[in-house]
Amino acid sequence: MSLSRFAQIFPPERLLTSAAHLSAYESDALTAFHSRPVAVVVPESGDEVIAAVRLCRELGMPFVARGSGTSLSGGSLPVAGGIVIALNRLNRILKLDATERIAVVEPGVVNTQVTLAAQPFGLHYAPDPSSQTICTIGGNVAFNSGGAHCLKYGMTSNHVLGIKAVLATGEVVEFGGESRESIGPDYTGLFVGSEGLFGIALEITLQLLPRAECFHTVLAGYRTLEEAGDAVSAVVASGLLPGALEIMDALAIQAAEAAVQSGYPRGCEAVLIVELEGPREKVAAERPALDALLAASKPIESRVAANAAERAKIWKGRKSAFSAVGRLSPDFIVQDGVVPRQRLGEALRRISEMSREAGIRVANVFHAGDGNLHPLILYDGRESGALERAEELAGRILKMCVAMGGSLTGEHGIGVEKRAYLPDMFSADEIALMHRIRAAFDPLGIANPGKMFPGGDAPALVQHGLHPLEKSGVISRE
Amino acid sequence: MKTPSTVAEVADIIRSSKKVLAVGAQTKPRLSQVPDEVTLISMRNLSGIVEYDPGEFTFTAFAGTPLREIVATLAAQGQYLPFDPPLVESGATIGGTVAAGLSGPGRFRYGGLRDFILAVRFLDGNGTQLRGGAKVVKNAAGFDIPKFLVGSLGSFGVLTEVTFKVFPRPPAMMTFAIPCANAAEAAAHIAKAASGRWAFDALDYDGSRILARLRGPQAALDLLAADVLDCWPAAEGVDNVVWDGIREWQFVGADGLLVKIPVTLRKFPALEAILQARNMGFHVVGGSVAYAYHPNVSYSDILNEALVGISLSGLNLRGFGGRLYFGESHHSAVAKSLKLAFDPCHRLGA
Ligand SMILES: Cc1cc2nc3c(=O)[nH]c(=O)nc-3n(C[C@H](O)[C@H](O)[C@H](O)COP(=O)(O)OP(=O)(O)OC[C@H]3O[C@@H](n4cnc5c(N)ncnc54)[C@H](O)[C@@H]3O)c2cc1C
Ligand SMILES: Cc1cc2nc3c(=O)[nH]c(=O)nc-3n(C[C@H](O)[C@H](O)[C@H](O)COP(=O)(O)OP(=O)(O)OC[C@H]3O[C@@H](n4cnc5c(N)ncnc54)[C@H](O)[C@@H]3O)c2cc1C
């Protein structure tokens, strides 16, 4: 049987086939979906990944690359009858060149490790998803992950200079390189965001940026979400370019406060986090303008982080929001739609109407500067039909985002979860082109099949419960 | 040369021709140099800004829109394209700039054209109208086709409309010149400046000096300037107009050879050595891309051999008659399959 062929590549302790082992890989962070793979292989070198992919190709066997399994859209959900290629042991930083300001890393390197390695040189890796202490660069590349600083610094793709990958055809390619510029079509740019459908990234060249010298972080609490939204519009209109512009609503504040006690102002319907950053002279020159317009926006309370510890505390509340919401509700799904920034107020009003109509609580945390919403839809999977109702509400929110001229996803990817909605955003001809592109990289359709594109088998749903890695104690939500 | 005025007409031309190449203003003549059997499609009548809402930090324009019009429209609202697209005054179009994959000095701070393009409308090799990306500042749905088409030189699709992210334009600018004896010294200065606290907006090297630019509020620049002069005692302030000539590539005449060569700081000295040995001039943007030039296009073959020797590659933008690609070439099976995915009948491109 085919597993014996894998046993020629992987020793028994890195070829997992027992139910106990496999159950830890059945889901990603979209815990409502689960699927058991035939086996999990745990390569320790790029050559082992290449050998595994080439064997899959020979056998016509599906494979799913997996970093830390924190995907919120079912991207790393295993495929029935296929294998999972777990990349966590490919976690070496192969090169850190402070002169060129680049790092070359293996895909299993955790996001924050790059910044930790770069810090002694005054550099950092800009993309900072809230999951950054767990998620891997390989997963970030596959999803073009974002974070709180995208308006000014862009998403993962804006920081990836080169990729060495094994494609589903077995071909090993090197796209881009160490220069920040390239000639010819941007293959690196195409690979980033391909959701594991092209092959597996083996080495990734990242650009590093100098760490900003100075931050001016303001936390402002408002009576209504609309007032917070107006403050964002005022900041945008002022000609300032903040490093971050984030909003949380009352339910999200309540959850974050219960979880990490960031000391967010009480009695607010919304908090806004605005951050200026740069050389101290520049921050000093821009600060009065920001302070004045925030004062004019009439917050209940506004607070400036006096030092690095206070800044960290403000950000901790924001970054723990998703996991904190777990305290309010046994289960939740996170949506990730984008709307034109000026329609944020309207979008939030409609989400709150839909939430009331459906009788389902929705907490909102969002990247206000980008128009990127994160409605957290709370449900209790033990109630019959609750998951389906939550998913229906999620679908209505997504369709609203697209109808407003936005996108289904700003940073979490389509995955399994949103694949049925792809035709709401793209025409049949456009999806056909994407299929042809996919087929160029993967003619057999073995790399992460059943993701991104509508159709295909529906994975099993579990109504309730913790992430399998949480159950097994590998990760926790805080 | 055909000059369609609607997207449907462009589609008809594609379908009824053996081979086509879309061109803008042909400011990069080598990129629109084609054999006789190729029909040129001028995009100049598909021009104009379609949508622009300053509050969204985005605009959408037809591919044939001159950069000049875009830059002026954004400036009137206090916004700009931070990557400094080249050849604004020379008449370049936004579509040609995307297809050629060109950014200027400002790419150093926030990234190049690829980092600001959000969405495209284009026609594939069958003349089918398609879109990629989304007209919002953040999007992760579907494959990133807009990025892929950057630098595709008209051979994967005919762009008809493009959407970009823009930034507020900083109120003031200040430029310093730091004299350098050679590329090694220049690379050291760039490395120091690029990882420091100053947040330089551009760091170019023209063969004898670094041109370093700061942007921001005037009050901040006045204070930062004092520190820059402390750290680089040989530096002196120069007039900001120096960037106008760089933007228009005035270092070489329009019919000379001009080759774009992606590079790194470590390869900088080797590149300088081969160019100097061949009496070629060069200008380097952000330590990451060199523009090598010579008035005589016949230098093309000599340059090619030299680049192969130091494992660099290049693209000829202007040397009409000279070779198109230089140096090390990269071939992959997937590139050929991708070409078929966009253009099954091989109709697009020179
Ligand atoms: C609490 C929490 C907060 C989060 N916050 C954010 C946020 O702020 N911003 C954001 O963008 N996302 C966020 N996420 C989502 C998630 O962390 C990101 O999508 C992340 O990039 C996934 O990384 P991972 O290593 O867990 O990848 P996985 O979940 O293991 O995999 C994700 C996808 O990448 C593919 N993949 C993995 N490695 C490779 C590789 N080497 N080559 C090719 N494909 C590969 C997989 O097949 C899968 O399709 C959050 C998730 C959680 C649980
Ligand atoms: C003297 C002069 C007069 C001009 N007069 C006018 C005028 O009257 N009206 C007007 O609108 N413009 C005018 N222009 C502008 C000119 O037509 C365009 O600027 C020019 O064609 C833009 O192309 P480019 O120089 O940016 O790129 P080019 O050098 O033409 O092309 C660069 C590369 O991009 C490709 N490419 C270009 N466009 C596309 C596309 N849409 N899709 C896919 N690939 C593409 C080409 O095939 C080539 O590989 C003038 C320019 C000059 C210099």
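In this predicted model, the centres of domain 1 and domain 2 of chain B, taken over C-alpha atoms, are separated by 30 Å. The assignment places domain 1 of chain B at residues 7-168 and domain 2 of chain B at residues 172-247. Where these two parts of chain B meet, eleven residues of domain 1 and twelve residues of domain 2 take part in the contact.

Chain A, by comparison, is assigned three domains, namely domain 1 (95-210), domain 2 (214-323) and domain 3 (329-425). For domain 1 and domain 3 of chain A, the centres, again taken over C-alpha atoms, lie 28 Å apart, and ten residues of domain 1 of chain A are in contact with nine residues of domain 3 of chain A.

The confidence of the prediction was also considered for chain A, which has an average pLDDT of 93, with 95% of the residues scoring at least 70. Residues 468-478 of chain A, however, form a stretch over which pLDDT stays under 50, and for this stretch the model has 23 contacts beyond four places in sequence.

Attention then turns to ligand 2, which is surrounded by 25 residues, the closest being Ala22(B), Gly24(B), Ala25(B), Thr27(B) and Gly91(B). When the residues of this shell are sorted by class, twelve are nonpolar, eleven are polar and two are charged. Of the shell around ligand 2, the largest share comes from H3(B), which provides four residues.

An N or O atom in the side chain of Lys28(B) lies 2.8 Å from an oxygen atom of ligand 2, whereas for Arg44(B) it is a backbone N or O atom that is found 3.4 Å from an oxygen atom of the ligand. At Leu159(B), a polar backbone atom is 2.7 Å from a nitrogen atom of ligand 2. Taken on its own, ligand 2 has 970 Å² of accessible area, and the protein covers 77% of this area.

Methods. Residues numbered from 1 in each chain as written. Chains lettered and ligands numbered in written order. Predicted model: local features only at pLDDT ≥ 70, side-chain atom pairs only at ≥ 80, totals over all residues. Heavy atoms only, no water. Near = heavy atom within 4 Å. Polar contact = N/O pair within 3.5 Å; in protein donor to acceptor, adjacent residues only side chain to side chain. Areas by Shrake-Rupley, 256 points an atom, 1.4 Å probe, with all protein chains shown as cover. Helix = DSSP H or I, 4+ residues; strand = E, 2+ residues; numbered from the N terminus. Nonpolar A, V, L, I, M, F, W, Y, C, P; charged D, E, K, R; others polar. pLDDT = per-residue confidence, 0-100. Contact = heavy atoms within 4.5 Å. Domains from an automatic or database assignment.
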